[in-house]
Amino acid sequence: NAYHVGVGPWVAYALSGKFKSTGQSPVGVKFGSSGDFARLDYGAGFKAGVSFSKKWDVSLGYDLGMRNLLGTQGVNNDGDKAHTKNLSLSIGYWFK
């Protein structure tokens, strides 16, 4: 068995989006300095996993956004903040 760990930066750019509340129709999201949400996001990623049988890889990862995604307009009037948080599990098979 071979263990691996990783840490590093990541960057994301929003192309489009929709917001939906319970019982309401989806609404288009406005991005940028005049919108409700920031288009650019960035943060740090952490990953740990194990490879075994020379064919399989299982990893658990976590991404933590460092930027407040709520823009200066609209939904951020109360000083609220929103950050990306992502937990992932990946299972891979090596074809050799």
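Lys 54 is exposed, with a relative accessible area of 72%; here exposed means over 50% relative accessible area, buried under 20%, and partly exposed in between, with a 1.4 Å probe and protein chains only. Lys 54 sits in the loop between β4 and β5, where strands (E, at least two residues) and helices (H or I, at least four) are DSSP runs numbered from the N terminus. Although Lys 54 is not a glycine, its phi is positive, at about 55°. Ser 53 belongs to the loop between β4 and β5 and is exposed, at 58% relative accessible area. Ser 53, not a glycine either, has a positive phi of about 55°.

The model is predicted, so that local features need pLDDT of at least 70 and side-chain atom pairs count only at pLDDT 80 or more, while totals for chains, interfaces and linings use all residues. Residues are numbered from 1 along each chain as its sequence is written, and side-chain values use heavy atoms, with hydrogens and water left out.

Asp 57 lies in strand β5, which spans residues 56–65.

Asp 57 does have polar partners. A polar contact is a pair of N or O atoms within 3.5 Å; within protein, one must be able to donate a hydrogen and the other to accept it, and residues adjacent in sequence count only if both atoms are side-chain atoms. The side chains of Asp 57 and Ser 51 are joined by such a contact of 2.9 Å, and the side chain of Asp 57 makes another with that of Ser 59 at 3.1 Å. Ser 59 in turn makes a side-chain polar contact with His 4, also listed below.

| Side-chain pair | Polar contact distance |
|---|---|
| Ser 51 and Asp 57 | 2.9 Å |
| Ser 59 and Asp 57 | 3.1 Å |
| Ser 59 and His 4 | 3.1 Å |

Contact in the wider sense means heavy atoms within 4.5 Å. Leaving aside neighbours within four places in sequence, Asp 57 touches His 4, Val 50, Ser 51, Ser 90, Ile 91, Gly 92 and Trp 94.

Ser 51 is in strand β4 and is partly exposed, with a relative accessible area of 22%. With neighbours within four places again set aside, its contacts are Asn 1, Ala 2, His 4, Trp 56 and Asp 57. Ser 51 and Asn 1 are 50 residues apart in sequence, yet their C-alpha atoms are 5.7 Å apart in space.

Ser 59 lies in strand β5 and is buried, at 2% relative accessible area. Beyond four places in sequence, Ser 59 is in contact with residues including His 4, Lys 47, Ala 48, Gly 49 and Ser 88.

Gly 61 is another residue placed in strand β5, and its relative accessible area of 9% makes it buried. Outside four places in sequence, Gly 61 is in contact with Phe 46, Lys 47, Asn 86, Leu 87 and Ser 88.

Ala 82 falls in the loop between β5 and β6 and is partly exposed, at 26% relative accessibility. Sequence neighbours within four places aside, Ala 82 is in contact with Arg 67, Asn 68, Leu 69 and Leu 70. Asp 80 also has its place in the loop between β5 and β6 and counts as partly exposed, at 38%. Between Asp 80 and Asp 63, 17 residues apart along the chain, the C-alpha separation is 21 Å.

**The nonpolar surface patch**

A nonpolar surface patch of about 1300 Å² is formed by residues including Val 7, Phe 46, Trp 56, Leu 60, Leu 87 and Phe 95. Elements giving two or more residues to this patch are β4 (40–52), β5 and β6 (85–93). Leu 60 lies in strand β5. Patches consist of residues with over 30% relative accessible area and no salt bridge, with nonpolar side chains (Val, Leu, Ile, Met, Phe, Trp, Tyr) joined within 5 Å and like charges within 9 Å. Accessible areas come from the Shrake-Rupley method with a 1.4 Å probe, and for residues only the protein chains shown count as cover.

Notes. Salt bridge = Lys/Arg side-chain N within 4 Å of Asp/Glu carboxyl O.
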